[in-house]
Amino acid sequence: MGKAKNPPKQASNESRAVLRMYRSSPQKLNLLAQQIRGMPVERALAQLQFSPKRPAQDVRKLLQSAIANAENNHGLDIDSLVVAEAHVGKNLVMKRIRARARGRAARIQKPFAQMTIILRDTSVEAEAA
């Protein structure tokens, strides 16, 4: 026998990629997610290419991974892809100690984040309508 196959986590006209355990605060990563949310893919890539923020190149690699997933796994048209969702979540926090005056200690928190990008094919929605 066996279990029934799990349903897919996204629709047939969607593709996604997840960046886990990224060593940056979720707040900094969320600034980039807000910039590309709702944009066509080629504009989002250009936006990240010329962004001065440090995580921008890693987010760009994540977006390229989502594009490759859309093309290879789902057979979607790259030219009609739009960044439907880009959200950031917290991951673990490394806790470190810094020596302070008079034998005391201060805690240093080094947060990790994870980011999910979901791309949607807009040409499929137009054909359905």
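The model is a predicted one, in which local features need pLDDT of at least 70 and side-chain atom pairs count only at pLDDT 80 or more, while totals for chains, interfaces and linings use all residues. Residues are numbered from 1 along each chain as its sequence is written, and side-chain values use heavy atoms, with hydrogens and water left out.

An α-helix has 3.6 residues a turn, so residues three or four places apart point the same way. Gly38, with a positive phi near 85 degrees, follows the helix.

Val41, Ala44, Leu45 and Leu48 are its buried residues. Viewed down the axis of helix 2, they fall within an arc of 100 degrees and so line one face of the helix. The cover over these residues includes helix 1, helix 3, strand 2 and strand 3.

As for the overall architecture, the protein chain has 4 helices and 3 strands, arranged along the sequence in the pattern β-α-α-α-β-β-α. Helices (H or I, at least four residues) and strands (E, at least two) are DSSP runs, numbered from the N terminus. The radius of gyration of the chain is 19 Å, whereas a compact globule of 129 residues would have one near 14 Å; the radius is taken over C-alpha atoms, and the globule rule is 2.2 Å times the number of residues to the power 0.38. Along the principal axes, the C-alpha atoms fill a box of roughly 70 × 50 × 20 Å. Of the 129 residues, 33% count as buried. Among contacts between residues at least 6 apart in sequence, 70% join residues at least 24 apart.

The largest nonpolar core has 27 residues, and those with the most contacts inside it are Ile36, Val59, Leu63, Val83, Met115, Ile117 and Leu119. Such a core is a set of buried Ala, Val, Leu, Ile, Met, Phe, Trp, Tyr and Cys residues joined through side-chain atoms within 4.5 Å. Two or more residues each are given to this core by strand 1 (14-22), helix 1 (26-36), helix 2 (41-49), helix 3 (56-72), strand 2 (81-99) and strand 3 (105-121). Helix 3 provides the largest share, 7 residues. Leu63 touches Val41, Ala44, Leu45 and Leu48, together with Val83, Ile117 and Leu119, not counting residues up to four places away in sequence.

The structure holds 1 salt bridge, defined as a side-chain nitrogen of Lys or Arg within 4 Å of a carboxyl oxygen of Asp or Glu. Here the side chains of Arg120 and Glu14 meet (2.5 Å, N to O). The pair joins distant parts of the chain, with Arg120 in strand 3 and Glu14 in strand 1, 106 residues apart. Arg120 is partly exposed at 25% relative accessible area, whereas Glu14 counts as buried at 11%.

A few individual positions round out the picture. Ser24, in the loop between strand 1 and helix 1, is buried at 2% relative accessibility. Leaving aside neighbours within four places in sequence, Ser24 is in contact with Arg54, Pro55, Pro111, Phe112 and Ala113. Gln114 and Ser24 are 90 residues apart in sequence but 9.0 Å apart in space, C-alpha to C-alpha. Gln114 is found in strand 3 and is partly exposed at 26%; its contacts beyond four places in sequence include Met21 and His87.

Most residues other than glycine have a negative phi. Met21, which lies in strand 1, has a positive phi of about 55 degrees although it is not a glycine, and Met21 is partly exposed at 41%. Arg102, in the loop between strand 2 and strand 3, likewise has a positive phi, of about 60 degrees, and is exposed at 74% relative accessible area.

Technical notes:
Buried means under 20% relative accessible area, exposed over 50%, partly exposed in between (1.4 Å probe, protein chains only). Contact means heavy atoms within 4.5 Å. The arc is that of the directions from the helix axis to the C-beta atoms.
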